[in-house]
Amino acid sequence: MSNLSATITALAAFENGRCADGNALIFDAQIYLGDGKPPLLAALCYFNKELRVFDDIGFFLIIARVAKIELGAHIALQPATGMLENDYDLVGDIMILIPLPDNFNIAYCPYIDICGMVASVDDLTSMFTIDAHQYVTALKNNGNHATHEPVMLPTFHSIMPVECKIPDTPRWTQSGKKILPACNHIVSITSFITDQKPHGSQSATMERFCVEIKSIVYLGHPMVSSSTSTPASPTVGNPWQKMKFDFSAPRAASKP
């Protein structure tokens, strides 16, 4: 479903840069979650089309599509660093990367924009969970095209699982009751990630990331297109021809 996604905006400390496929690089990124809490650790892929050079440790503002780490993720682990697959919380693809000065304060929680289906609702705690499907390079499902031999490869789910809490404010209350979405409905939320925890299972794959809602849009049931629907009538003429400004018209030079 193309309307499901998970994107974070975060300040991060990068290290352990390593090559992946082509011009792609993978970095280990630490992202602040709050005083006294372990930071999020993400393996983030960046397509280095500018062939820029990175320091051993760097600080960046990033916007990245993210998902929960899964067993067998393609993150080009390097034994020399001592990092193990289960050390990571997230994998993702960097869309925007802006360098920051070394003395910049990066102790701010990551901001997440997520659209996904509601997996469960708890009226007593005013919480609900979302499993948002987000494609990322590290969780790409592919076969062995080179040898055509049967190979047991992991099947990735590529999901960003979050637990959402409705704040105790009048904004989210109607007739004295918290406004919660329904199961199997789609919602779009924005919030800060402030914690992470296991969710009802000893399996690390069930770990969820905790947020307190800042904004929410209730989108209802997933839409299913109908082949019998009537196509929209084509627009007659070009709407930009109704405007006074024309990009194709010559313009006088600006006066100094």
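This text goes through strand pairing, then a cavity, then a pocket. The model is predicted, and local features need pLDDT of at least 70, side-chain atom pairs count only at pLDDT 80 or more, while totals for chains, interfaces and linings use all residues. Residues are numbered from 1 along each chain as its sequence is written, and side-chain values use heavy atoms, with hydrogens and water left out.

Strands here are DSSP runs of E with at least two residues, numbered from the N terminus, and two strands pair if DSSP finds at least two bridges between them.

On a 1 Å grid over the protein atoms alone, a cavity is a set of points where a 1.4 Å probe fits but cannot get out, and lining residues have an atom within 4 Å of a point. Grid points are joined across faces, edges and corners, and a volume is the space filled by probe spheres set on the points. The structure holds 1 cavity of 30 Å³ or more, and about 40 Å³ of space lies in the largest cavity. Among the residues that line it are Phe14, Phe27, Phe54, Ile57 and Phe60. β1 (5-19) and β4 (57-68) each supply at least two residues of this lining. By class, the lining has 5 nonpolar, 2 polar and 3 charged residues; Ala, Val, Leu, Ile, Met, Phe, Trp, Tyr, Cys and Pro count as nonpolar, Asp, Glu, Lys and Arg as charged, and the others, Gly among them, as polar.

A pocket, in contrast, is an open set with protein on both sides within 12 Å along at least five of seven lines. The largest pocket has a volume of about 370 Å³. Its lining comprises 19 residues, of which Ala20, Asp21, Ala24, Cys45 and Thr137 lie nearest its centre. β2 (24-31), β3 (40-47) and β5 (90-99) are the elements that give two or more residues to this lining, and β3 gives the most, with 5 residues. The lining of the largest pocket divides into 12 nonpolar, 4 polar and 3 charged residues.

Methods
Helix = DSSP H or I, 4+ residues; strand = E, 2+ residues; numbered from the N terminus.
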